[in-house]
Amino acid sequence: MLKIGVPSKGRLMEKTFDWFGTRGVTMRQTGADREYSGTIEGIEGAELVLLSAGEIPRELSAGRIHLGVTGSDLVREKLADWDRQVVELAPLGFGHADLIIAVPTGWADVETLDDLDAVAAQFRRDHGHRLRIATKYHRLVRDFLTAQGVADYQLVDSQGATEGTVKNLTAEAVADITSSGETLRANHLKILSDGLIHSSQAMLFASLRAEWDAAARTTLAALLARIGLDTALPELSG
Amino acid sequence: MTPKTAIRAEAERLYQAIAATGAQPVEADLLLPAETLLDLYGEDIRARAYVTHDPIRGEMMLRPDFTVPVVQAHMEHGAEPARYCYMGEVFRQQMHLGPRQSEYVQVGYEVFDGSDPLAADAEVFALFQSLLAPLGLRAATGDIGILRAAVEALETTPRRKAALLRHLWRPRRFRALLDRFGGRAPVPPARADLLARMARGEDVLSGLVQTGLRSEEEIAERLTALREDAAAPPISGAEVARLEAVLSVADKCPAALAQLAAMARDLPALTPAVDRLAARIDSLATRGIDVAALDFEASYGRTTMEYYDGFVFGFYAESEADLPPIASGGRYDALTAVLGHGRSIPAVGGVIRPGLVARLKGVL
């Protein structure tokens, strides 16, 4: 059985169903409206698993699902060496959002990471602690700033309303997901010109850790043919 | 023997050999306050160390290295000069799939003795060399003091020198700064616009909403700094080339020293650092090290520990190039200054990884 993990609610679920539906694979929720079970029609040997989008990376990594739909940002954030654990089969063209670094618009002297780094040194000298960046994307932000050689900052965890942390004096800058930038502007924040960490969108992933027996591989080939993906089958171990 | 028993036996042997030179045994806690380590090493250490939460003591880290607790123990209880040996586990998260271990034993030796720092450098290196001699390792050495002197020697503003010195350990940002200060990188359009508006006498802060802890005075101070920096002449191409020549010196000790001495003729400010390197090489030779066969790389150690600020060294197995260094160390006076809140202790030391030693000996 080929297990496909799909977000269990909201727009991500609807858009995923639409994406597969227009390609001849019908996914639908079964039972009551809020019950997390579903079926797939149009492909033999496939099973739908409804999961929180945030848990799909972990399930792919554990090999408990063969395929999964989730944001590319979540896979990169949650999986170490993500590209050795999963393969990107197809971008789905929705769920677009950019992970960016933003600072107060009042910082007239700051436009780039180079400026942020210089300000971090000044800030630490003046305030006795490192410049705080609020985020929930710890791995992505830290890897990015390390690669860029930015020093004297600290990450503070923010699981929601991140844009408010600057005004509330719990952070000096934020690293967060934005699509239109409206919330940032409303909170007097601006994006650094070279502060794009990752352009995320919903993506169909294959797990390299799942058990790819002959049946699962046959079903995958049929599914890819049906949805019109002519990508070569990834190297999957049985 | 199980692998851990074999490693423990190897560690014990190395530890006893170091203790036999007269070093005092020192113990360190396994759980260390995270704050101190984060302030020293920055956010990167959070990715490498195991962080846990204690309801009373707050964020704690499983010991990622011995340097900090040994320096702290010495500053609290020790009298100078002091020589310490220690042995125990350190813990490092591995962020990549692969064979690197997240828990391993280190045996170390640290010297706090300001009477003759160059001799102390040579003493530590010679001890490690003798302990590791049967393994036929390649030793690499470097000197962060040479790099610092080469930056200090630039004819430019103190602010630019400070920025370069701060990023000596981050080659990418160092390069970006050097390109900017040398006028080789274009001024970003937004910066050019900002400078033009300030030049016209515009108040670039007027009309801006201020949020957050960073005050308008701090922003104004940096705007002034930006204006001054724009007015300062670029670092000349010849100077950048001289700095790069120093950074790229890599040869056996005598040849490397000769090259640096030749460079110091054009760059007299480099002379004191080159003299210290010469004296250290003499000290190494006095201790029986074959300096004619010893590698020196000016940029060695630039990407390892931020607080090494003088002599640095590492021992490598050429037969297994994938292994981390079997032993490494260096001088870290700057770290003691940060930990001691201004009170600095001349300090040099290093660690050996008995697990790797046992593996190279074939007992694992």
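A nonpolar core is a set of buried Ala, Val, Leu, Ile, Met, Phe, Trp, Tyr and Cys residues joined through C-beta atoms within 7 Å. A residue is buried if 20 or more other C-beta atoms lie within 10 Å of its own, exposed if 12 or fewer, and partly exposed in between; the C-beta atoms are placed from the backbone. The model is predicted: local features need pLDDT of at least 70, and side-chain atom pairs count only at pLDDT 80 or more, while totals for chains, interfaces and linings use all residues. Residues are numbered from 1 along each chain as its sequence is written, and chains are lettered from A and ligands numbered from 1 in the order in which they are written.

The largest nonpolar core has 92 residues. Ile146(B), Ala150(B), Leu260(B) and Leu270(B) have the most contacts inside it. Helix H5 of chain B, residues 117–132, gives the most to this core, with seven residues. Helices (H or I, at least four residues) and strands (E, at least two) are DSSP runs, numbered from the N terminus. Domain 1 (1–133 + 342–364) and domain 2 (158–235) of chain B both contribute residues, so the core lies between them. Domain bounds come from an automatic or database domain assignment. The centres of the two domains, taken over C-alpha atoms, are 40 Å apart. Another core, of 35 residues, lies apart from the largest one. Among its residues are Ala151(A), Leu155(A), Leu192(A) and Leu194(B).

Two residues are in contact if their C-beta atoms, placed from the backbone, lie within 7 Å. Leaving aside neighbours within four places in sequence, Leu270(B) touches Ala149(B), Ala150(B), Ala153(B), Met263(B) and Ala264(B). Ala149(B) and Ala150(B) are among the buried residues of H6(B). This helix covers residues 144–152 of chain B, and seven of its nine residues are buried, so it is largely enclosed by the rest of the structure. Ile144(B), Gly145(B), Ile146(B), Leu147(B) and Val151(B) are also on the buried list. The cover over them includes strands E7 (138–143) and E10 (311–316) of chain B. It also includes helices H7 (158–166), H11 (237–247), H12 (253–266) and H13 (271–286) of chain B.

Chain B as a whole has 15 helices and twelve strands. Its C-alpha trace spans about 75 × 60 × 45 Å along its principal axes. Of its 364 residues, 39% count as buried. Among contacts in chain B with a separation of 6 or more, 69% join residues 24 or more positions apart.

Nine strands of chain B form an open sheet with mixed pairing, in the order E1-E5-E6-E12-E11-E10-E7-E9-E8. Two strands pair if DSSP finds at least two bridges between them. Strands E1 (24–25) and E8 (250–252) of chain B stand at the edges with a single partner strand each, so one side of each is left without a neighbour in the sheet. E7(B) and strand E9 (295–297) of chain B pair in the parallel sense over two bridges. Here, Asp295(B) in E9(B) is the bridge partner of Ala140(B). Elsewhere, the peptide bond from Glu80(B) to Pro81(B) is cis, with omega near -10°. Pro81(B) sits in the loop between helix H4 (67–77) and strand E5 (82–91) of chain B.

Chain A has an open sheet of five strands, in the order E9-E8-E10-E7-E11, also with mixed pairing. Its edge strands are E9 and E11 (189–200) of chain A, and each pairs on one side only. Strand E7 (97–104) of chain A and E11(A) pair in the antiparallel sense over seven bridges. In E11(A), Ser199(A) is the bridge partner of Asp98(A).

With 11 C-beta neighbours inside 10 Å, Asp81(A) counts as exposed. Ala161(A) is exposed, with 12 other C-beta atoms within 10 Å.

The contact between the chains takes 32 residues from chain B and 33 residues from chain A. On the chain B side, helices H3 (44–48), H8 (171–181), H9 (189–199) and H10 (216–231) give two or more residues each. The largest share, five residues, comes from H10(B).
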